[in-house]
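Take a look at the sequence and the fold, and then we can walk through them together.

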Amino acid sequence: MKLGSVNTCPECGNKNDSGLGIEHEALIPREGDASICIVCGHVMIFKADGALREPSEDELIEIMRSKTVREMMAALAVIRRDRPS
Ligand SMILES: [Zn+2]
């Protein structure tokens, strides 16, 4: 799904303009939802205007408690590792 705005990842500089919900196919992100950069795996939080911000330490701990998030990050790491350079 195309997002309403383009967000530049503060970690790798990738311009993220699309996203997929990990629990619902056509999920529209809401304020406070987490986002994982497809290129580097950096975790961010959606703001009300669709832009992204860094998570607080407590938010990051809560996000990383999710088994689904940990599995997705592991899958992304495998994809990055196996991608031809
Ligand atoms: Zn990134």
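How many residues does helix α2 have, and what does it reach from its first C-alpha to its last? Helix α2 (residues 67-82) has 16 residues and reaches 23 Å between those two atoms, close to the 22 Å expected at 1.5 Å a residue; the expected span is 1.5 Å times one less than the number of residues. Please keep in mind that this is a predicted model, where local features need pLDDT of at least 70, side-chain atom pairs count only at pLDDT 80 or more, and totals for chains, interfaces and linings use all residues. Residues are numbered from 1 along each chain as its sequence is written.

**Overall layout**
- The protein contains 2 helices and 5 strands, which are DSSP runs numbered from the N terminus (helices: H or I, at least four residues; strands: E, at least two).
- Along the sequence, the pattern reads β-β-β-β-β-α-α.

**The sheet**
- An open sheet is formed by 3 strands in the order β3-β4-β5, with antiparallel pairing; two strands pair if DSSP finds at least two bridges between them.
- At the edges are β3 (34-36) and β5 (52-53), each pairing on one side only.
- Between β3 and β4 (residues 43-46), the antiparallel pairing runs over 3 bridges, and S35 stands opposite M44 in β4.

**Burial and contacts**
- Of the 85 residues in the protein, 8% are buried (20 or more other C-beta atoms within 10 Å of the residue's own, with C-beta atoms placed from the backbone).
- Among contacts between residues at least 6 apart in sequence, 38% join residues at least 24 apart; a contact has C-beta atoms, placed from the backbone, within 7 Å.

Terms used:
A residue is buried if 20 or more other C-beta atoms lie within 10 Å of its own, exposed if 12 or fewer, and partly exposed in between; C-beta atoms are placed from the backbone. Two residues are in contact if their C-beta atoms, placed from the backbone, lie within 7 Å.
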